[in-house]
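Thank you all for coming. Please have the sequence and the structure open while I talk.

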Amino acid sequence: MENPGTVWDCPFKHETALEFDPLMRRLLDEEPVARIRMPHGDGEAWLVTRYEDVRTVTTDRRFSRAAGIGRDLPRMTPEPIAQAESINLMDPPAHNHLRRLVAKAFTNRQVEAMRPKTQRIVDELLDEMEAHGRPADLVRHLSSRLPLMTISEMLGIPEEDRPRLRRCAITMMSTSPTGREAAATAKAELRGYFTELTAQRRRDPGDDLLSALATSRDGEDLLDDAELAVMGQVLMVTGHDTSTYQISNIVYTLLTRPEALATLRARPELLPKAIEELLRFIPFRQGVGIARIAMEDVEIGGVTVRKGEPVHVSYLCANRDERVFERPDELDLERGAANHMTFGHGTHHCAGAHLARMELQIAVGTLLDRFPKLRLAVPRDEIDWNSGSIWRYPQALPVSW
């Protein structure tokens with residue numbers, strides 16, 4: 001690569017719990033387009049951290065995810081998570097018809113229609129937690145169950161299959177250097193499962209989302225078997241992962257910031273705004289996601305990225321950019337900035353963002369309303385934080401009330 005300078009190791013040294021990484025802050029302020037070396041994959045990459053530059057990379061056709069197919073790109077996990085047929089690796093126009101089909105299931109109207117059922121599920125899960133008695137692990141009773149139940153119901157995944165699929169998803173996200181074989185096996189197992197399930201839905205469609213995708217057309221196009229199977233896999237994994245970890249992260253953040261918690265209890269109507277601010281504020285993942293390839297020489301942030309070079313973006317840093325968010329390192333529940341990038345940006349903005357927001361609003365709102373004296377059951381320094389995957393979250397979150 002040209003533009004010589006420091007090459008930074010990524011992932012960086014994360015602080016304890018959900019503190020923002022000071023090195024990421026330094027890059028955002030001092031070297032917003034930096035060269036990085038990652039634990040897996042060949043060579044180096046660029047890391048873009050400022051909000052406007054991230055927006056450029058994620059919307060400009062001169063940066064392509066599809067161009068990275070077949071290359072061993074720098075990444076966080078020993079085994080690449082995405083597959084060649086995945087919507088996550090497609091560029092327009094190929095991306096567009098898949099996106100339109102999926103978007104039909106995640107409109108605001110359809111998500112809102114799911115709200116009563118989601119509320120019933122949350123109520124039942126909290127009934128079980130209350131019956132268990134104090135203290136109780138919020139991860140086990142709520143966070144790890146609600147999002148998986150919701151997306152599985154949407155996809156029509158039998159209840160008995162869900163724990164196995166969840167284990168595969170966790171294994172795929174591992175950053176352990178010894179975990180490549182296990183991750184590859186888990187990815188193959190998920191693909192095989194959804195190949196069989198989607199074939200069955202083609203033969204005998206029901207009223208679930210997989211059946212709709214199996215039979216829906218975008219013009220004359222029908223998803224082929226491989227596209228359909230991988231789409232099912234992507235929807236299952238991405239449809240529950242972020243919400244699972246963010247329920248725990250949001251509750252931890254509120255319980256360790258008494259003023260913010262008191263504000264939300266006194267003004268429950270702030271909940272939608274508060275959720276947006278918490279999503280912006282919480283550094284919810286380790287490192288970065290899927291790289292894009294520069295299709296020609298591009299100048300960004302005063303740096304020339306050469307044709308063929310991989311470029312990563314940091315949504316976490318974009319969410320802390322003071323050029324966009326005033327006092328970005330402060331949690332301000334009244335900010336309500338819906339322009340945060342926690343769900344990505346541009347072509348690959350999360351199609352299920354509406355669903356995640358609805359789940360988080362119901363889970364957090366119901367929890368705080370039902371347990372007015374909710375608190376951590378252990379000192380915060382005794383909480384065990386995950387350090388072995390791309391996500392940041394507590395392994396368990398003991399609470400009392």
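Let me begin with a definition: a disulfide here is a pair of cysteine sulfur atoms within 2.5 Å. What we are looking at is a predicted model, in which local features need pLDDT of at least 70 and side-chain atom pairs count only at pLDDT 80 or more, while totals for chains, interfaces and linings use all residues. Residues are numbered from 1 along each chain as its sequence is written, and side-chain values use heavy atoms, with hydrogens and water left out.

How many disulfides does a search of the whole structure find? The search returns zero. For Cys 10, the closest cysteine sulfur is that of Cys 317, and because the two sulfurs are 9.6 Å apart, they are too far from each other for a bond. Cys 10 is also buried, at 3% relative accessibility, where buried means under 20% relative accessible area, exposed means over 50%, and partly exposed lies in between, with a 1.4 Å probe and protein chains only. Cys 350, with a relative accessible area of 26%, is partly exposed.

Now to the sheets. Helices (H or I, at least four residues) and strands (E, at least two) are DSSP runs, numbered from the N terminus, and two strands pair if DSSP finds at least two bridges between them. Six strands form an open sheet with mixed pairing, in the order β1-β2-β3-β11-β8-β4. Its edges are β1 (7-9) and β4, and because each has a single partner strand, one side of each is left without a neighbour in the sheet.

Strand β11 runs parallel to β3, to which three bridges join it, and Val 48 has Val 313 as its bridge partner in β11. With β8, by contrast, β11 runs antiparallel, over two bridges, and here Arg 292 has Val 311 as its bridge partner. Going on from β8 (residues 292-294), we come to β4, which pairs with β8 in the antiparallel sense over two bridges, with Phe 63 bridged to Ala 294.

Helix α2 (residues 51-59) lies across β2 (33-37), β3 (44-48), β4, β8 and β11 (310-313), and runs at about 130° to β11. Contact means heavy atoms within 4.5 Å; axes are lines fitted to C-alpha atoms, for helices over the stretch in contact, and angles run from 0 to 180 degrees between N-to-C directions.

There is also an open sheet of three strands, in the order β5-β13-β12, with antiparallel pairing. Its edge strands are β5 and β12 (375-376), each of which pairs on one side only. Two bridges connect β5 with β13 (residues 398-400) in the antiparallel sense, and Asp 137 has Pro 398 as its bridge partner in β13.

Turning to helix packing, the axes of α5 and α7 (residues 146-155) come within 11 Å and cross at roughly 145°. Which residues make the contact? From α5 they are Lys 117, Thr 118, Ile 121, Val 122 and Leu 125, and from α7 they are Leu 146, Met 149 and Glu 153. These divide into five nonpolar, one polar and two charged, where Ala, Val, Leu, Ile, Met, Phe, Trp, Tyr, Cys and Pro count as nonpolar, Asp, Glu, Lys and Arg as charged, and the others, Gly among them, as polar.

In helix α16 we find Arg 357, which is buried, with a relative accessible area of 16%. Leaving aside its neighbours within four places in sequence, Arg 357 is in contact with Glu 276, Ala 338, His 340 and Phe 343.

Finally, the backbone. Most residues other than glycine have a negative phi, and most peptide bonds are trans. The bond from Pro 92 to Pro 93 is cis, with omega near 5°; Pro 93 lies in the loop between β4 (63-64) and α3 (94-103) and is exposed, at 64% relative accessibility. A cis peptide bond also joins Arg 134 and Pro 135, with omega about -10°, and Pro 135 sits in the loop between α5 (115-132) and β5 (136-137). Arg 327, although not a glycine, has a positive phi of about 50°; this residue is found in the loop between α15 (315-318) and α16 (353-370), and at 36% relative accessibility it counts as partly exposed.
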